[in-house]
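Welcome! Take a moment to look over the sequence and the model shown here, and then we will walk through them together.

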Amino acid sequence: MSDGFDEELRDLRERSLLRRLRTFDSPQQPSVTQAGRSLVNFSSNDYLGLASDPWLGEAAKAAIDAFGTGSGASRLVCGTLAPHARLEETIAKFKGTEAALTFSSGYATAVGTLTALAREGDVIVLDKLCHASLIDGAKLSGATIRVFPHNHLGKLESHLAWAREHAPDGRVIVATEAVFSMDGDRAPLEEIIAIKKRYNALLLLDEAHSVGVLGRNGRGLAEVLKVRGDVEIQMGTLSKALGVSGGYIAGSRRLVELLVNRARSFIYSTAPAPAMAAAATAALEWLMTDAGEQRRELLWRNLARLGDSLPPALMQGRRIQSAIVPVVLGESARALDAAERLLEAGFVVPAIRYPTVAKDAARLRITVSAKHSAEQIAGLCEALARAVI
Ligand SMILES: *Cc1c(COP(=O)(O)O)cnc(C)c1O
């Protein structure tokens, strides 16, 4: 009997939806090599150039010398080593919260947190463009899910009114992102907070793409708007601007204690390697220095450069609000074709397709780093003008 794998793969290929892994032979930085060819990388979430930073590497090596490579067990058994505790203290300090808890990835953070906090009888209200990890966590929780059109405050409010009527005793959680991962735009956070307060709902704010990018020393969107005290569940990842891996929740001591007891992706998974925790701590400590703030300013200088030299037709009326700049092209085949042409010209820019984005909204997703040179940005803009017609 056929396993059906070939048919499924052929179907994906025919719809321009087949994805393939690409291996790079160099560290994660603006200039990468693939199969001996040098390419300029505009596809990484390493916005501050920390993923290959020697100082973070030194912190990781020192932790390997002191604590070894493995953590040996899950956090609750005996896997909590000093670097984990130090990282969580540093995150709490950075985010201005009582406490923080780390997970092995941002994905595990979202899934573990939503399933820990919500169950049947509760309601989770999600923005339509929320990351897959939030959607999966919401689905797995067993709570009723309501989705509002992207950043649509009226629909958010009517979902909350519905939730309060149908689940008067249930927990109601609004989950959204500070910066949306495929659109690069921001949530209207102050308005969302005003609404969720009226309905006594909790807010989970995923700052995956705003940490390191927005706010004083990269503290994120809630810090920019001075509303950190109104976001009960502050989520983020250590894998993007912070250049390492892992995810976290920052919030009250009670929240963290509840997650330690209930979040299955935390409980039933071996603690992250101590070296990862040490490197992430080093990244956060560095971000809180003047040098960190200067690096973030360099990122914004590069974003301004891109905004000034991208052909207006490709800006599609958008304003640059983060380090993510999408060029929406519509059909998957069109985005794929443009990405291939850019690759021929020496630039790595991914074609983002369904199911990551809507079927008719395939796009090029450009991400900028503080480490890109002015020449690399100018080169990308020229190549884009030629690749996208
Ligand atoms: C990347 C991302 C995650 C997942 O984080 P990982 O550390 O990569 O697992 C969660 N939420 C958003 C919005 C993301 O972009």
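## Around the ligand

How many nonpolar, polar and charged residues does the shell around the ligand have? There are three nonpolar, nine polar and three charged residues. Keep in mind as you read that this is a predicted model. Of the 15 residues around the ligand, the ones that come nearest are G106, D206, H209, S239 and K240.

Some of these residues can be followed down to single atoms. In the side chain of D206, an N or O atom is 2.6 Å from a nitrogen atom of the ligand. The side chain of S239 has an N or O atom 2.8 Å from a ligand oxygen atom, and a polar side-chain atom of K240 lies 2.7 Å from an oxygen atom of the ligand. On its own, the ligand has 380 Å² of accessible area, and the protein covers 86% of that.

## The sheet

Next, find the open sheet: its seven strands run in the order β3-β9-β8-β7-β6-β4-β5, with mixed pairing. At the edges are β3 (99-103) and β5 (144-148), each pairing on one side only. From one strand to the next, the twist averages 20°.

Helix α5 lies across β3, β4, β6, β7, β8 and β9, running at about 160° to β8.

Conventions. Residues are numbered from 1 along each chain as its sequence is written. This is a predicted model: local features need pLDDT of at least 70, side-chain atom pairs count only at pLDDT 80 or more; totals for chains, interfaces and linings use all residues. Side-chain values use heavy atoms; hydrogens and water are left out. A residue is near a molecule or strand if one of its heavy atoms lies within 4 Å of it. A polar contact is a pair of N or O atoms within 3.5 Å; within protein, one must be able to donate a hydrogen and the other to accept it, and residues adjacent in sequence count only if both atoms are side-chain atoms. Accessible areas come from the Shrake-Rupley method with a 1.4 Å probe; for residues, only the protein chains shown count as cover. Ala, Val, Leu, Ile, Met, Phe, Trp, Tyr, Cys and Pro count as nonpolar, Asp, Glu, Lys and Arg as charged, and the others, Gly among them, as polar. Two strands pair if DSSP finds at least two bridges between them. Helices (H or I, at least four residues) and strands (E, at least two) are DSSP runs, numbered from the N terminus. Axes are lines fitted to C-alpha atoms, for helices over the stretch in contact, and angles run from 0 to 180 degrees between N-to-C directions. Contact means heavy atoms within 4.5 Å.
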